[in-house]
Amino acid sequence: ICSWICFTWSMFNSRARTKTSAKRPVPTGKRGTFAPYRLLSSMMYNIGKLRVFERGASDMDKIHINLGKDSYDILIDTGLVRKAGPAIRDLTGAEKAAIITEDGIDKLYGMSLVKSLEEAGVRTQMIVVPSSEKSRTLQVVRRVYGALVDFGLGSSDTLIALGGRVVGDITGFTAATYHRGISYVQFPTSVLSQIGSSIGGKVTLDLDIPAGKNVVGTFYQPKAVFVDPGMAKTLPRRYFHNGLGEAVKLGCVADKALFELFEQVSSDMDIYRVLPEIIRRCCAIKAHYVEIDPFSKGERRILDFGHTIGGAIERCLRYNDAEITHGEATAIGMYLITRRSELEGLTKRGTTSRLEYVLKSLSLPVSTTVPYDILYEAVKHDKKIKGDVIQITLIKEIGKGFLYTLPVKEIGQFLKS
């Protein structure tokens with residue numbers, strides 16, 4: 001079907017060019033006229049090579065992650081938050097569900113999900129945690145435990161993470177430890193969590209000590225991930241672009257066509273038109289790497305492109321979203337590391353300028369104000385350091401990431417703006 005669609009569009013494009021004698025420029029890092037039909041046909045064709053989407057009678061896209069007894073589906077559909085109740089009931093068999101959400105999201109989407117669950121016969125309670133990176137702590141989880149006990153949530157009941165990356169981590173960790181493990185469902189509300197953190201079962205908490213970031217955690221897979229692309233329209237522009245930075249990262253390491261889409265769009269409205277397809281592509285990439293490396297010990301680390309420097313910047317700025325978001329820090333990391341790898345001959349010439357163009361077009365930064373010496377010290381605390389070497393992700397060219405090992409003392413040359 002995908003091939004037939006692509007062939008049909010290619011014939012249409014050919015006839016249109018014959019009539020007008022006009023040629024569309026090939027993307028070279030400069031924005032041109034946005035042509036959604038050309039991009040979508042190309043993207044659908046390439047998706048077929050990576051992973052086949054299933055589409056049910058309800059037009060809901062489904063991407064299956066095969067992990068044996070821990071297998072689950074990513075379900076993608078606009079308006080899903082208003083109709084997910086029966087599916088969650090059938091997946092979990094729960095009589096009760098506790099929705100863990102954050103300030104603001106409870107009012108935007110919480111009551112819609114509660115209504116859908118209650119109509120499906122599932123007694124539901126909503127637990128609201130502060131909307132902050134600093135909420136991802138054992139102290140917050142302890143308060144959640146108390147609320148669950150008060151609600152009478154049993155071992156056969158379920159949790160639902162309705163929020164971004166922080167809520168997903170809090171919910172996943174709580175589910176893994178409450179009653180020695182109960183089921184949970186991810187319902188991510190930000191683009192960043194929809195295409196990244198909600199998939200793969202990696203859940204972490206922070207300790208209130210030096211170097212306490214991501215120290216406590218586990219791998220605990222959800223029963224399903226429900227993705228509603230329509231939620232992106234309620235995100236502030238900065239956080240919308242924060243999530244799109246994750247999509248650019250995935251394009252850099254695994255999907256050239258996805259990256260090229262960002263070279264061609266000319267506005268956020270263009271992106272909104274193809275956002276469901278962007279989300280599907282990103283989820284397929286993440287699902288692929290989760291399947292082949294469920295515990296992130298090898299190939300899955302390719303998805304950490306930009307994280308070594310980006311994580312160090314976040315540590316230096318004390319994970320303060322007002323200063324810098326996760327996506328913004330990762331953007332800086334991707335740019336700095338690619339610029340140096342291109343100078344070293346490890347990356348195809350011209351790649352850095354293409355990456356810089358796309359990041360700046362999304363209002364994402366490519367430099368940091370953190371002094372070099374402080375940043376270098378922060379990088380030396382990276383968890384990927386083994387002895388005196390560190391493994392980082394580089395790209396040979398757009399769409400082809402690889403893991404590269406170098407001495408820790410040499411990482412400093414990648415940090416200079």
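Analyst: Gladly! Two strands pair if DSSP finds at least two bridges between them. Helices (H or I, at least four residues) and strands (E, at least two) are DSSP runs, numbered from the N terminus. This is a predicted model: local features need pLDDT of at least 70, side-chain atom pairs count only at pLDDT 80 or more, and totals for chains, interfaces and linings use all residues. Residues are numbered from 1 along each chain as its sequence is written, and side-chain values use heavy atoms, without hydrogens or water.

User: In what order do the three strands of the open sheet lie?

Analyst: The order is S11-S12-S13, with antiparallel pairing. Strand S11 (385-386) and strand S13 (400-407) are at the edges with a single partner strand each, so one side of each has no neighbour in the sheet. S12 (residues 389-397) pairs with S13 over eight bridges; Ile395 has Gly401 in S13 as its bridge partner.

User: And how is a pocket defined?

Analyst: On a 1 Å grid over the protein atoms alone, a pocket is an open set of points with protein on both sides within 12 Å along at least five of seven lines; a cavity is a set where a 1.4 Å probe fits but cannot get out, and lining residues have an atom within 4 Å of a point. The largest pocket here has a volume of about 1,200 Å³. Of its 41 lining residues, Lys202, Asn214, Asp304, His307 and Lys383 are the closest to the centre. H11 gives the most to this lining, five residues.

User: How much space lies in the largest cavity?

Analyst: About 50 Å³. H6 supplies the largest share of its lining, three residues.

Definitions and conventions:
Points joined across faces, edges and corners; volume = space filled by probe spheres on them.
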